[in-house]
Amino acid sequence: ASFFARMFVQVCLYFYCKCLWRCLKFVVRKLTGRCELQRICYNTKPGAARTMKIEASLKGSKSKRLQTSVSVHPDAIEKTIDDIMELKRINPDINPQLGVSLQACLLQIVGYRNLIAEVEKLRREPYDSENPQHEEMLLKLWKCLKPNSPLKARISKQWCEIGFQGDDPKTDFRGMGLLGLYNLVYFAEWDTEIAQQVLSDSLHPKYSAWQYLDFLFSFPSQFSKAEWEKKKFDKAIGYSFAIVGINITDLAYNLLVSGALKTHFYNIAPEAPTLTHFQQTFCYLMHEFHKFWIEEDPLDIMEFNRVREKFHKRILKQLQNPEMALCPHFAASESLINM
């Protein structure tokens, strides 16, 4: 009986709040002469804050036309804007900036949905050693990470040197499919210096060049190099670079599918976020996870899941900030325009 009573109260509260909310919207529109979409565009600066409010407003509308506007084809966005303006009785000649702002928001919203589909397709495609393109990408990964060490054979123990588990890396891509390989190759090709440094540090964490340089500038007179290394890295251990890269791909994928990355992408992509934006985010996560791993100083590799989960929570917390951009140093951020 108590269960049904609670359910009844919750249903009543839901309908009360929903009706009250609509009444408030009606009153505010009459007082201001602007609909909710206008108020959001005029009162909220461009970026995630504006786009997420527009997305919530459209999804929460009682009009089916507005609800479906967040899932139209990119080519239909201009017509969708016209439909919205007509439905809301907004004169485009008097409000020219509104159409521009709505278009930018819809491009981001629709682009995010399409990006999920593109990423999911790559994740579901298995690595095929009979596919020349797949094999070419795998060999490119080796050349970017180990340019001075030729691969002696396609099936080789050498793959363990960049963090794969066995003689043939294809078995390690099962969880994330081609997406894991795409991300690793992008990191190694476009962020080569950092990727090689992370690989080197993952093999020899006690001799991290980054942290030693930080030590030299911070504490030049307190410790000798040997004393500092013993003090700082007496427990530091390495990890398998490629396997961790595939694991961080899984983390990035879950952030994307859950919608957590909307904050980031809506802030760095002035229009539709693309696969390149996703791969740049992966590079950032790899770089940050590596530093986080050193900071955590785990006792052994068995603590990987604990460290990963803690890192995941840190990123999620950062993404709760509507002004957050995870990787402002990438070129994509520089094209963010105040529209």
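Which residue forms a salt bridge with Lys-59? Select Lys-59 and look for Glu-55: the two form a salt bridge, with the closest N and O atoms 3.4 Å apart. A salt bridge here is a side-chain nitrogen of Lys or Arg within 4 Å of a carboxyl oxygen of Asp or Glu.

Before moving on, note that this is a predicted model, where local features need pLDDT of at least 70, side-chain atom pairs count only at pLDDT 80 or more, and totals for chains, interfaces and linings use all residues. Residues are numbered from 1 along each chain as its sequence is written, and side-chain values use heavy atoms, leaving out hydrogens and water.

**Stop 1: helix α3**

Keep Lys-59 and Glu-55 selected. Both lie in helix α3, residues 48-59. They are four residues apart, about one turn of the helix. Helices are DSSP runs (H or I, at least four residues), numbered from the N terminus.

Now show the surface. Lys-59 is partly exposed, at 44% relative accessibility. Glu-55 is buried, at 7%. Buried means under 20% relative accessible area, exposed means over 50%, and partly exposed lies in between (1.4 Å probe, protein chains only).

**Stop 2**

Select Glu-135 and Arg-154. Their closest N and O atoms are 2.7 Å apart, in a salt bridge. Glu-135 sits in helix α7 and Arg-154 in the loop between α7 and α8, so the pair ties together parts 19 residues apart in sequence. Glu-135 counts as buried, at 15% relative accessibility.

Next, select Asp-167 and Lys-157. Their side chains meet in a salt bridge (3.6 Å, N to O). Both residues lie in the loop between α7 and α8, so this pair ties together parts 10 residues apart in sequence. Asp-167 is partly exposed, with a relative accessible area of 30%. Lys-157 is exposed, at 62%.

How many salt bridges does the count come to? It comes to 18. For a linked group, select Glu-296, Glu-303, Arg-306 and Lys-310: these form a network of salt bridges.

**Stop 3: a glycine in the loop**

Stay in the loop between α7 (132-145) and α8, and select Gly-166. Is Gly-166 buried or partly exposed? Gly-166 counts as partly exposed, at 22% relative accessibility.

Draw a distance from its C-alpha atom to that of Ser-156. Leaving aside neighbours within four places in sequence, Gly-166 is in contact with Ser-156, Trp-159, Cys-160 and Asp-172. Contact means heavy atoms within 4.5 Å.

**Stop 4: where α6 meets α8**

Select helix α6 (residues 96-124) and helix α8 (residues 177-190). Their axes come within 3 Å and cross at roughly 105°. That makes α6 roughly perpendicular to α8. The axes are lines fitted to C-alpha atoms, for helices over the stretch in contact, and angles run from 0 to 180 degrees between N-to-C directions. Roughly perpendicular covers 65 to 115 degrees.

Which residues make the contact? From α6, show Val-119, Leu-122 and Arg-123. From α8, show Gly-177, Leu-178, Leu-179 and Tyr-182. By class, the contact has five nonpolar, one polar and one charged residues. Ala, Val, Leu, Ile, Met, Phe, Trp, Tyr, Cys and Pro count as nonpolar, Asp, Glu, Lys and Arg as charged, and the others, Gly among them, as polar.

Remain in α8 and select Asn-183. Asn-183 is buried, with a relative accessible area of 0%. Leaving aside neighbours within four places in sequence, Asn-183 is in contact with Thr-249, Phe-278, Gln-279 and Phe-282.

**Stop 5: the cysteines**

A disulfide is a covalent bond between the sulfur atoms of two cysteines. The rule used here asks for a pair of cysteine sulfur atoms within 2.5 Å. How many disulfides does this give? The count comes to zero.

Select Cys-41 to see one case. The closest cysteine sulfur is in Cys-105, 5.4 Å away, too far for a bond. Cys-41 is buried, at 5% relative accessible area. Cys-144 also counts as buried, at 17% relative accessibility.

**Stop 6: positive phi angles**

Select Arg-89, in the loop between α5 (77-87) and α6. Its phi is near 60°, a positive value in a residue other than glycine. Arg-89 counts as exposed, at 77% relative accessibility.

Finish at Asp-297, in the loop between α14 (275-296) and α15 (304-319). Phi of Asp-297 is near 50°, again a positive value in a residue other than glycine.

Terms used. Helices (H or I, at least four residues) and strands (E, at least two) are DSSP runs, numbered from the N terminus. Angles under 35 degrees count as roughly parallel, over 145 as roughly antiparallel, 65 to 115 as roughly perpendicular and the rest as oblique.
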